[in-house]
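Please examine the sequence and the model shown below. The paragraphs that follow lead through its core, its sheet and its disulfides.

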Amino acid sequence: MLAKPSTRPAVRRCATTGALALALLGAGLPAAAADRPQPDLSRFYRQKVTWAACKGPDMPKDLQCAKVTVPLDYARPRAGTLDVALARYQATGKKQGSVLLNFGGPGGAGLPELVTDAKDFMDLTNGYDVVTFDPRGVGRSSPVSCGEGGDEASSATDDEVDPGHPQALLAKLRKAAEACARDSGPVLAHIGTVNTSRDLDVIRQALGDEKLNYLGFSYGTRLGAVYAAQFPHKVGRLALDGVDTLTEPLSEQGVAGAEGQQTALDDFLDWCTTDVACPFGQDRRAAGDQVVRLVHSLDANPVPKDFGGSFSGQDLVGAIGQALYSKQLWPSLERALASLVQDGDTRGVLNFATGGAALALRGHHVNGGLVDPQDVPTDNLEAALMAINCADDPDRPDAAQLTRDLKSMQAEYERASPVFGRYRLTQLLMCYGRPKGTDFIRDRVKDVPSARMLLVGTRGDPATPYRWTVETAARLGSSAVVLDNKGDGHTGYASSKCVHQKINDFLLYGSLPPSGSSCPADGNAWSATSNATG
């Protein structure tokens with residue numbers, strides 16, 4: 001399954017068709033499209049990665065950094081380029097190539113995640129260079145930003161909005177979209193999973209690997225599935241943990257996400273109210289109401305942050321949502337909420353927040369070069385998440401449709417979660433005013449004729465429901481092998497010894513479990529209801 005690594009493109013330089021072969025190699029197009037002349041991508045596929053020690057006082061000494069150059073627009077490769085930041089831990093055992101990691105998001109930067117969670121992946125260095133990257137528009141790779149437009153959008157679904165006459169809302173959303181386009185620069189029009197997948201193939205070739213070995217988490221599973229559809233014959237060993245949907249529109253994803261996070265919050269409050277230190281007391285029913293009131297109170301009267309700006313109820317919702325991904329974070333979340341409720345101290349909850357600690361740094365990064373870590377906009381994660389999700393979704397309701405449906409949408413999201421509903425609805429509405437996204441993922445990522453892939457779904461996952469694993473596996477076809485993790489939390493590799501071993505056995509040795517086999521819950525079921533899903 002794993003091809004022998006090669007340090008140069010697998011074509012003969014003397015062949016007259018060499019340049020065309022290299023161009024088609026990176027095209028990621030269906031066979032019928034290969035009959036048409038394709039842009040010449042050969043100069044990108046001839047790259048070799050040059051590694052050096054990562055710069056910065058907090059960088060591990062054994063971590064190396066590099067970059068790969070990719071076209072800004074694959075249809076017009078001469079129209080500009082951008083650099084993609086890479087980092088790796090070198091193989092310590094007999095090297096059989098590289099394994100690329102994507103930690104999810106979308107919008108999550110790979111480099112800081114690999115530094116933070118390096119110990120989880122050191123087993124893989126027995127056979128691989130363990131490599132990660134900042135996808136286009138993310139981290140150091142031409143990061144997108146919405147500047148102050150992000151604040152405009154975050155207040156777009158305030159309670160005072162009249163759902164029957166949302167003209168002011170739509171104007172605010174369009175203004176926010178314009179701010180994102182202005183502060184992000186050229187990369188925004190070329191962001192999204194389809195182009196990131198093509199970047200992934202350029203990286204594969206530059207690393208000297210004939211086929212891609214890959215471990216993707218959450219959104220990273222979407223990226224892996226798209227790569228398998230675009231480059232099925234370049235698939236080596238792909239493991240996808242916390243499987244994303246390929247077919248549900250953003251509107252349905254948002255409801256599912258709100259429901260999953262509300263279930264996780266309920267479980268946290270069940271635990272918290274058994275502790276005398278719980279800031280919401282020991283009355284479980286009253287605790288749920290107190291959380292809702294706290295969010296509404298902060299939305300009406302945001303509190304100042306130590307380093308400038310204000311902290312709203314929606315900022316709190318985003319922070320809580322991050323903390324609920326793992327039970328290991330519950331004690332820290334309890335302490336952070338106690339500091340907020342009792343002392344008005346936002347520092348603890350801000351440690352969980354996904355972005356927006358301060359106003360975003362401006363700059364279009366037109367030259368496409370890597371951005372220094374200190375210059376990555378503070379809203380990059382949130383801005384990239386919105387941009388990529390919108391670019392991946394072909395649905396774009398117009399003003400008339402939103403006017404007709406907004407009231408029912410608000411009610412549906414509120415039913416899904418009185419805490420997370422508005423936050424999730426805002427994420428959906430952020431696509432208004434942006435160009436329509438691609439239909440490639442929904443229409444074309446199916447029945448993939450690639451090598452077999454391992455898909456891991458966790459029964460108690462609050463972010464990617466187990467049913468998405470089952471549906472995506474059916475969508476991908478016979479190449480998909482499902483591992484059913486009976487445990488809880490978002491993804492299984494870092495929390496389940498069984499999942500960790502199964503993925504490692506596949507990536508290192510090509511050993512796949514029988515499809516439908518499972519890993520035990522170890523007595524830590526996320527919730528009684530979630531175990532019935534799927």
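Which residues does Leu476 touch, not counting residues up to four places away in sequence? The model is a predicted one, and in it Leu476 touches Ala225, Leu246, Val445, Lys446, Asp447, Val448, Met453 and Leu455. Leu476 also belongs to the largest nonpolar core, which has 63 residues; Leu86, Leu100 and Leu476 touch the most other members of this core. Helix H13, residues 380–391, supplies the largest share of the core, with seven residues. Another core lies apart from this one and consists of 48 residues, including Ala287, Trp330, Phe352 and Leu402.

The next element to consider is the sheet. Strands of a sheet pair through backbone hydrogen bonds, either parallel or antiparallel. Here ten strands form an open sheet in the order E1-E2-E3-E5-E4-E6-E7-E10-E11-E12, and the pairing is mixed. Its edge strands are E1 and E12 (517–519), each of which pairs on one side only.

An example of parallel pairing is found between strand E10, residues 453–460, and strand E11, residues 480–488, which are joined by seven bridges. Within this pair of strands, Thr458 stands opposite Asn485 in E11. Helix H17, residues 466–476, packs on the sheet and touches both E10 and E11. The direction of H17 makes about 155° with that of E10.

Antiparallel pairing is found at the E1 end of the strand order. Two bridges join E1 to E2 in an antiparallel arrangement, and nine bridges join E2 to strand E3 (residues 81–89), again antiparallel. Strand E2 is mostly covered, since seven of its nine residues are buried.

When the bonded cysteines are numbered in sequence order, the pairing is 1-2, 3-4, 5-6, 7-8, 9-10. One of these disulfides joins Cys54 to Cys65, with an S to S distance of 2.0 Å. This pair links distant parts of the chain, eleven residues apart: Cys54 lies in the loop between strand E1 (52–53) and strand E2 (63–71), and Cys65 lies in strand E2. The link of Cys54 and Cys65 is right-handed, with 95° about the S-S bond. Both Cys54 and Cys65 are buried.

A further disulfide joins Cys146 to Cys180, with an S to S distance of 1.9 Å. It links distant parts of the chain, 34 residues apart, with Cys146 in the loop between strand E5 (129–133) and helix H4 (149–154) and Cys180 in helix H5 (residues 167–184). Why is the disulfide of Cys146 and Cys180 right-handed? The torsion about its S-S bond is about 100°, so the disulfide is right-handed. Are Cys146 and Cys180 buried or exposed? Buried means under 20% relative accessible area. Cys146 has a relative accessible area of 4% and is therefore buried; Cys180, with 1%, is buried as well.

The disulfide between Cys272 and Cys278 has an S to S distance of 2.1 Å. The torsion about the S-S bond of Cys272 and Cys278 is about 110°, so this disulfide is right-handed. Both Cys272 and Cys278 are buried.

Methods
Residues numbered from 1 in each chain as written. Predicted model: local features only at pLDDT ≥ 70, side-chain atom pairs only at ≥ 80, totals over all residues. Heavy atoms only, no water. Disulfide = S-S within 2.5 Å. Helix = DSSP H or I, 4+ residues; strand = E, 2+ residues; numbered from the N terminus. Buried < 20%, exposed > 50% of the residue type's maximum accessible area, 1.4 Å probe, protein only. Pairing = 2+ DSSP bridges. Core = buried A, V, L, I, M, F, W, Y, C linked by side-chain atoms within 4.5 Å. Contact = heavy atoms within 4.5 Å. Axes fitted to C-alpha atoms, helices over the stretch in contact; angles between N-to-C directions.
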